[in-house]
Amino acid sequence: MAQRKSRSDRRIDLIDAARRAIIRHGIDGVQLSHVAEEAGLTSGAVLYHYPDLSELLVEAQHAGMERFYEQRVRQLATLTDPVEKLVLTIKSGLPTGPLDPDVRLLNELGGAAGRNRVYGVLLTSLYDRQVSMYQAVLDTGAALGVFRLSADSLTIARNLVALEDAYGYRITARHPVIGPAEAAELILSYARAATGNDLAR
């Protein structure tokens, strides 16, 4: 006999279903019925757990962002070498390919941010946290004498996040000569100049 899912497990399933629905129908086009279809439930069952669809969509967007900050911070905590940390941070911030669902979700969010204040706040918060993550790595490397920064760490960190975003978009837009490996190398070329380190590990 199948075990009945807990309320928290069901909400996690609905968040995943909402993410798939957003990618399929667009953030402005997704409807309650789309989420229900992705979840294999009735619209009423979705509303039982999330009476407000917009709340579910926001939670879906937030869940998609976890990979680009929380997971990276956890990975960085396992390393001590600033060079390894910087290389890992750069590589882990890019899409795995054109169909990467987390990045496609962020692209949808970015397109709607100008029309929806909540989405704008979510994206701004993610950007600021990513900048602080890079800045901590750069400051540590500079303090240890591993990096010779060409500008203040905030400026370099902001540029690194902007490059992540720009090349991430190119990858999901299926640029013919920019894939994950090429994008990582392009960002690393800037990071080498900005840190005075060849970032070879």
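This is a predicted model: local features need pLDDT of at least 70, side-chain atom pairs count only at pLDDT 80 or more; totals for chains, interfaces and linings use all residues.
Taken along the principal axes, the C-alpha atoms fill a box of roughly 60 × 35 × 35 Å, and of the 201 residues of the chain 40% count as buried.

Helix H1, which covers residues 7-25, has 19 residues and reaches 26 Å from its first C-alpha to its last, a span close to the 27 Å expected at 1.5 Å a residue. Its buried residues are Leu14, Ile15, Ala17, Ala18, Arg19, Ala21, Ile22 and Ile23. An α-helix has 3.6 residues a turn, so residues three or four places apart point the same way.

| Helix packed against by buried residues of H1 | Residues |
|---|---|
| H2 | 32-39 |
| H3 | 43-49 |
| H4 | 53-65 |
| H7 | 101-112 |

Just after H1, Gly26 adopts a positive phi of about 85°. Over residues 31-50 the model is 75% helix and 0% strand, with the end C-alpha atoms 13 Å apart.

Arg72 belongs to helix H5, which runs over residues 70-76. Is this arginine buried or exposed? Arg72 counts as buried because its relative accessibility is 1%, where the cut-off for buried is under 20%. When its neighbours within four places in sequence are left aside, Arg72 is in contact with Arg67, Thr89, Ser92, Gly93, Gln130, Met133, Tyr134 and Glu164.

The largest pocket holds about 300 Å³ of space. Its lining is made up of 15 residues, and those that lie nearest the centre of the pocket are Leu106, Asn107, Leu123, Leu126 and Asp165. Two or more residues of this lining come from each of H7, helix H8 (117-143) and helix H9 (153-172). By class, the lining of the largest pocket comprises eight nonpolar, five polar and two charged residues.

Definitions and conventions
Residues are numbered from 1 along each chain as its sequence is written. Side-chain values use heavy atoms; hydrogens and water are left out. Helices (H or I, at least four residues) and strands (E, at least two) are DSSP runs, numbered from the N terminus. Buried means under 20% relative accessible area, exposed over 50%, partly exposed in between (1.4 Å probe, protein chains only). Contact means heavy atoms within 4.5 Å. The expected span of a helix is 1.5 Å times one less than its number of residues. On a 1 Å grid over the protein atoms alone, a cavity is a set of points where a 1.4 Å probe fits but cannot get out, and a pocket is an open set with protein on both sides within 12 Å along at least five of seven lines; lining residues have an atom within 4 Å of a point. Grid points are joined across faces, edges and corners, and a volume is the space filled by probe spheres set on the points. Ala, Val, Leu, Ile, Met, Phe, Trp, Tyr, Cys and Pro count as nonpolar, Asp, Glu, Lys and Arg as charged, and the others, Gly among them, as polar.
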